[in-house]
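Reader: I'd like to go through how a few pieces of this fold pack together. Can you put it on screen first?

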Amino acid sequence: MGRTAELKRLHWCSELARSGKPSAVLLLGEAGVGKTYLVRHWLASPAMSGFTVLHARCHPDESDYPYGVIEQLVSSAPGETASNGLRNILPGTPAFQVGMQALQLFDRLQDIKSLAISIDDIQWADTESLRSLAFVLRRMEADQVIVVMSSRSSGEATPLKPEAEDLLSSFEGRGHGERISLPGLRVQEIDELVRHVRPEKVTIDVARRLAEYTGGNALYVCTLLSERLEEGAGFPVSDSLAAALHRQLSTLPDSSRALVETTAVLGSQASLALVASVAEVSDPMTALEPAIASGFLKCTASGPDALVVFRHALQRDAVISSMSPTRLRALHAAAAQRVPASEKWTHLVASTVTFDRELSAQLEEAAHERISSGDSAQAATLLLSAAQIADSRTAEERLLLSSAVQLLSSDQFSRIEAVLPRIRACQPSPLRSLVLGAVAVAMGHMDFAETELKAALEGSQRAPEFEWVAPFAATWLSIRHSFVGDGEGTVEACRRVLSFPGISPVLAARAKARLVQGCSYIDGPKAGLHELAVVTDIPPRPRTSIDAYLLMIRSFSRCWAGEMTGATEDLGVSLPEVREAAGADLEFGYIHLSMAQFHLGNWNEAAINADRALAIAAADSKPWTWAVAYATAVLVPATRGLSVRAGKYLGAARRWSDQFAPVFSQTAVAASTAWMARAKNDPAAMAAVLSPLQGRAGMARAMEGSWFPLFAEGALRSEMGTAAESALARLNELAAEYPYLRIPAARLSGLAHSIRKDWDGAEEQWKNAIDSEACPDDSPFERALLYQAYGDLQLVLGRRGQAVTWLGRAADSLESLGARPYFQRCLKRLEVAGGDPHATRRMGALGELTTREAEIASLIGRGLTNNEISSEMFISVKTVEYHLGNIYRRLQIQGRRELRDAVQQNRSIELAD
């Protein structure tokens with residue numbers, strides 16, 4: 001009844017979605033005000049007939065069940081789509097991986113109809129589902145999708161999780177998000193409802209009194225209307241909606257009440273056959289009729305597959321609160337005997353009157369079975385239940401802390417936060433110190449983390465029952481040391497992990513990865529590569545997921561050492577395996593692939609992989625990755641002159657670096673800042689931002705080859721005197737060790753000669769570098785700058801013909817890369833030399849494209865299909881199709897083949913910022 005204005009806003013959003021502009025709506029209102037019924041009415045309207053509807057209903061009992069909402073959405077899909085489901089959705093599966101599968105599912109559904117996703121009570125949605133949905137919806141730019149969420153907004157409401165806010169804000173940022181507050185029904189709407197439900201003659205006075213009594217709460221109004229209301233009579237004595245529901249429940253026949261109570265105990269939805277069996281009702285169909293007529297239950301199917309569900313969560317809460325403790329325990333005990341094994345533990349715990357050592361032990365045993373199968377999240381839930389009924393404080397704390405260890409293993413930090421007060425209240429022990437130390441690392445509190453993790457290590461040596469804690473504590477200590485740039489500490493902790501007998505292959509692999517990192521921190525990346533070769537033998541083709549992980553780790557050090565071609569080859573083999581196995585550090589794999597591709601001149605692919613890293617880090621909530629990922633994303637737009645985009649990324653990198661382990665990320669952030677300054681031709685800023693990194697160990701030492709040439713250039717060009725001379729000497733030392741630095745070292749050595757007007761020395765340096773044999777790890781961008789320097793020298797020496805030749809070569813290379821600021825500066829020098837800057841160069845000859853469009857165009861040039869591009873870029877197929885249409889229109893191209901030919905012929909594209 002009523003809700004005309006709200007329905008108009010919902011219909012407006014659905015039309016927006018139908019036109020290819022994904023939209024989202026958040027309905028806010030107190031429990032029982034009518035949010036769910038409004039959405040159902042809207043979805044059932046003729047205007048929504050062209051939409052496939054996926055629905056999920058959240059419940060507080062299931063808020064810690066990973067991917068529960070995603071599973072509900074998938075199971076509500078029509079036909080074979082639901083039966084196919086998603087592959088390998090385990091509690092520990094990364095959110096981005098589930099999100100990619102959901103993205104493909106939503107693409108398939110849109111081949112048939114537009115898509116509406118409805119989620120009730122999103123304040124209780126599990127974090128993993130929210131992260132996956134946010135990942136999916138951010139990747140949809142032109143999809144016919146609308147997401148409608150409801151949330152309680154009154155005093156008893158659970159605040160929205162940050163992930164839910166992020167999900168909505170991603171739409172609001174595009175102007176496609178709506179927040180609709182749903183007030184109570186107005187008097188006129190209640191009057192219309194009264195006349196519909198109670199057709200006997202009544203006056204507007206009944207509606208006024210109902211509005212005053214209920215505040216317009218639709219469920220409360222309907223509950224009172226189920227009782228007899230007479231003109232002028234008072235309302236039944238009820239001080240709350242719950243009291244009215246209790247009274248309504250008491251009027252049901254015994255068998256109907258038993259069905260309602262049992263449905264409440266079994267959860268938000270259960271099969272009628274199971275409900276009848278637990279309730280011991282012999283004629284469930286007859287008993288169900290009064291339960292449905294009263295408005296408590298509804299039946300979603302008929303026959304043996306019938307499912308019963310409460311019409312509103314408040315009704316279930318009221319039924320639970322109306323039962324005596326004895327009745328509640330009896331129903332839980334009966335349910336435990338009949339539900340599937342995976343669900344019985346919850347009911348067994350609920351049926352327990354007091355502490356139960358035997359049941360606690362059974363739960364712990366079941367948890368260890370889950371651990372063996374890799375289900376750390378469910379193991380944690382079982383251990384928490386075991387702690388709840390443990391018969392001693394010692395046992396309770398041990399089980400609680402063991403649960404936290406499993407939550408750490410599955411990266412479920414939000415669930416750990418919920419029990420942190422209980423963890424802190426535990427008696428001091430090595431296990432407590434391990435958990436508190438690991439949480440502190442994840443939160444960036446490094447000093448406290450070191451204290452606790454060292455205490456865990458020392459305590460585990462003195463207490464045999466905590467021996468198993470030691471390798472975990474040493475592992476987290478190595479992570480802590482790596483974040484603060486302590487190479488020696490990292491190496492020591494990793495060697496300690498590897499010295500423990502019987503550690504798992506996964507733990508050993510993580511220790512080897514950190515060991516390589518620690519050695520690189522101390523003596524550079526070649527030392528890390530040497531150490532990796534000593535501690536493990538990596539086959540050319542990975543045989544296991546551990547092999548793939550270690551091959552990926554090797555690529556990081558190869559990238560730092562300038563072995564860019566080898567690094568990309570390693571990553572090409574390892575990343576698909578690590579991604580399929582949901583392995584650790586995947587986002588760093590894409591970060592290093594982007595860095596290597598940028599150096600090798602594959603800038604479109606570098607931008608795509610930087611975006612992949614950001615998507616994974618955001619979906620899986622890894623704050624330690626964000627600063628480095630954003631800093632990597634700066635490189636391509638900065639060098640192409642897209643200052644707005646690059647500045648946005650750099651600002652985010654700085655913010656996250658300040659918030660989490662700044663020592664770990666400051667090298668990458670400083671290097672990206674220098675690349676921005678270089679594009680603006682500001683050498684003093686380059687030198688200033690990188691100068692603090694000189695002589696440092698840690699990441700600055702490991703990645704010295706990537707930032708030191710920028711510092712040396714800034715120092716030379718800003719005429720820093722002896723500091724510049726020292727920088728150049730150090731750069732030449734590095735070039736002797738790392739061949740990929742040969743060209744920048746030669747270019748800057750020649751620059752030093754030219755600053756002193758030693759033209760012969762400059763020419764010798766640059767001519768030798770040009771004539772030397774090309775290295776597969778040379779940077780096309782650095783070679784272009786070398787050509788430009790040599791061309792400028794020819795101009796100084798009066799050799800205009802040679803100047804035009806070499807400046808022309810430089811301009812051609814810079815144009816093909818899309819390095820617009822450098823290209824424009826080169827053209828000015830070419831014009832001074834007497835060449836025609838417009839003779840063959842056509843920056844933007846194909847027209848101006850956005851970064852996303854240019855990336856898609858480059859993948860078309862590689863011959864990829866739309867589905868392959870979707871998978872490569874983590875975007876929906878509809879988004880690919882949308883951008884392709886824009887590309888054809890902007891470039892006046894007729895189709896895919898013409899675009900592919902143009903890209904393969906290396907015709908240039910101008911990028912819009």
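Reader: Which residues in helix 21 meet helix 22, and which ones in helix 22 do they meet?

Author: Keep in mind that this is a predicted model. On the helix 21 side the contact is made by F413, I416, L420, I423 and R424. Their partners in helix 22 are R432, V435, L436, V439 and A442.

Reader: How many nonpolar, polar and charged residues does that contact of helix 21 with helix 22 have?

Author: Sorted by class, no polar residues turn up there, and two residues are charged. The nonpolar count is eight.

Reader: What do we call the way helix 21 and helix 22 lie to each other?

Author: Helix 21 covers residues 413–424 and helix 22 covers residues 430–443, with axes 11 Å apart. The packing angle is about 135°, and the crossing is left-handed. Angles over 145 degrees would count as roughly antiparallel, and 65 to 115 as roughly perpendicular. The two helices are therefore oblique.

Reader: Over to the open sheet of three strands: which are its edge strands?

Author: The strand order is 6-8-7, with antiparallel pairing.

Reader: Which residue in strand 8 stands opposite Q269?

Author: Strand 6 pairs with strand 8 (residues 307–310) over three bridges, in the antiparallel sense. Opposite Q269 you'll find V309.

Reader: What packs on the sheet, touching strand 7 and strand 8?

Author: Look at residues 284–293, which run at about 120° to the direction of strand 7. That element is helix 14.

Key. Residues numbered from 1 in each chain as written. Predicted model: local features only at pLDDT ≥ 70, side-chain atom pairs only at ≥ 80, totals over all residues. Heavy atoms only, no water. Axes fitted to C-alpha atoms, helices over the stretch in contact; angles between N-to-C directions. Helix = DSSP H or I, 4+ residues; strand = E, 2+ residues; numbered from the N terminus. Parallel < 35°, antiparallel > 145°, perpendicular 65-115°, else oblique. Left-handed = near helix turned anticlockwise from the far one by under 90°. Contact = heavy atoms within 4.5 Å. Nonpolar A, V, L, I, M, F, W, Y, C, P; charged D, E, K, R; others polar. Pairing = 2+ DSSP bridges.
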